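Please have the sequence and the model at hand while reading.

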Amino acid sequence: MATTRVTVLAGGVGGARFTRGLLAHLEREDPDAQVTVVVNTGDDLWLDGLRVCPDLDTVMYTLGGVIGEQGWGRAGETARVSAELHAYGLGWDWFTLGDLDLGTHIARTELLRSGLPLSAVTARLCERWQPGAALIPMSDDPAETHVEVEIDGQVRLIHFEEWWVRYRASVPARRFVQVGVESARPAPGVLEAITRADVVLLPPSNPVVSVGTILGVPGVREAMRSTTAPVIGVSPILGGAPVRGMADACLSAIGVETSAAAVALHYGSRTAGGLLDGWLVDTVDGDALGRLRQAGIAARALPLLMSDDTATAAIVEAALALARGTGPAR
Ligand code: GDP
Ligand code: CA
């Protein structure tokens, strides 16, 4: 049998946990399968002179087995360097960069400054962590997400991380802007990973500022529409709320209801020019199945909490089973 090629479009924590479960499943069922993770870089930012790529690092550390308890950063972290910076009145007191994590950012910045594109830098960093999947940034060109907000009566564009981490998304987003995305090119291998896959999976990553950002890179949406691989997604919304984080604040900014069905219909059915062949919802959202199937999206309800790799592997198994039964006519 030919090697199965699985491609995932991921943000940070949701994408990373899903991919870890995917790898656990494939290790048992299809050890030769090749997994490519196209990762959102809309959250990337310069901080204290260093290039920080929150979602790439979350995926790399999670798959490398060194992720921190909280779901990001490194396990066993300390913050001595940040404390020194703060003593000089530098750094951002609302954005923690641990000492071990800073090692990664320094290495990345050094490699970028030597002239390597982010995709090559990422491959180099992954040589150390052996994530078990190919990690590709959505683009080598910066396309940072900014958020238009009104603070103290003034309309401002702030970086996504400032809105998310500093304001905890409590200031309403008027809109999201991907700065520079018009001229961003998909990183080498991104379009091929989508068009030459046997199955494309949308993990329960944020549909607006993770998956939506990747889809915003010119050419990616078209590749998703034209791939012969079935495209199956997993809902990040359970019972009308995100499992963690503030995805509801992102969805309302783009006029999409916070529900499992609304997110699927936002991606749209491939039968109607959208992206999805199939969609998994949690058992609490079982009443959405009829509506989804009517829209041309194959759907199934099952527990969607990724409480551990075994639970996540069961979600993956359901997604792959749905993929076998669906997909565009070949
Ligand atoms: P971020 O970049 O770190 O915010 O991570 P992602 O965009 O990859 O994933 C965030 C999304 O994952 C949130 O909208 C959560 O609702 C979703 N999520 C987190 N844990 C789970 C889980 O156990 N099950 C499901 N279905 N979704 C989850
Ligand atoms: Ca993110």
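Which residues in H2 meet which residues in H5? Leu56, Met60, Tyr61 and Gly64 in H2 meet Leu118, Thr122, Leu125, Cys126 and Trp129 in H5, where contact means heavy atoms within 4.5 Å.

## Basis of the model

This is a predicted model, in which local features need pLDDT of at least 70 and side-chain atom pairs count only at pLDDT 80 or more, while totals for chains, interfaces and linings use all residues. Residues are numbered from 1 along each chain as its sequence is written, chains are lettered from A and ligands numbered from 1 in the order in which they are written, and side-chain values use heavy atoms, with hydrogens and water left out.

## H2 against H5

Helix H2 covers residues 54-64 and helix H5 residues 118-129; helices here are DSSP runs (H or I, at least four residues) numbered from the N terminus. The two pack at an angle of about 20 degrees with their axes 10 Å apart, the axes being lines fitted to C-alpha atoms over the stretch in contact and the angles running from 0 to 180 degrees between N-to-C directions. H2 and H5 are therefore roughly parallel to each other, a term for angles under 35 degrees.

H2 passes H5 in a right-handed crossing, that is, with the near helix turned clockwise from the far one by less than a right angle. By class, the contact of H2 with H5 has 7 nonpolar, 2 polar and no charged residues, where Ala, Val, Leu, Ile, Met, Phe, Trp, Tyr, Cys and Pro count as nonpolar, Asp, Glu, Lys and Arg as charged, and the others, Gly among them, as polar.

With H2, helix H1 packs at an angle of about 30 degrees, the axes lying 9 Å apart, and that makes H1 roughly parallel to H2. Val13, Ala16, Arg17, Thr19, Arg20 and Leu23 of H1 make this contact with Thr58, Val59, Thr62 and Leu63 of H2, and by class it has 5 nonpolar, 3 polar and 2 charged residues.

With H13, H1 packs at an angle of about 75 degrees and with the axes 8 Å apart, so H1 and H13 are roughly perpendicular to each other, a term for angles of 65 to 115 degrees. The residues of the contact of H1 with H13 divide into 8 nonpolar, 3 polar and 5 charged.

## Pocket and cavity

The largest pocket holds about 1100 Å³ of space and is lined by 48 residues, of which Gly12, Val13, Gly14, Trp164 and Arg244 lie nearest its centre. On a 1 Å grid over the protein atoms alone, a pocket is an open set of points with protein on both sides within 12 Å along at least five of seven lines, a cavity is a set where a 1.4 Å probe fits but cannot get out, and lining residues have an atom within 4 Å of a point. H1 (13-29), H2, H6 (160-166) and H13 (309-324) each supply at least two residues of the pocket lining, which divides into 22 nonpolar, 15 polar and 11 charged residues.

The structure also holds 1 cavity of 30 Å³ or more, and the largest cavity has about 40 Å³ of space. Its lining consists of Leu47, Asp48, Ser82, Leu85, His86, Gly91, Trp92, Phe95 and Leu97, and the largest share, 3 residues, comes from helix H3 (residues 80-87).

Note on methods. Angles under 35 degrees count as roughly parallel, over 145 as roughly antiparallel, 65 to 115 as roughly perpendicular and the rest as oblique. Grid points are joined across faces, edges and corners, and a volume is the space filled by probe spheres set on the points.
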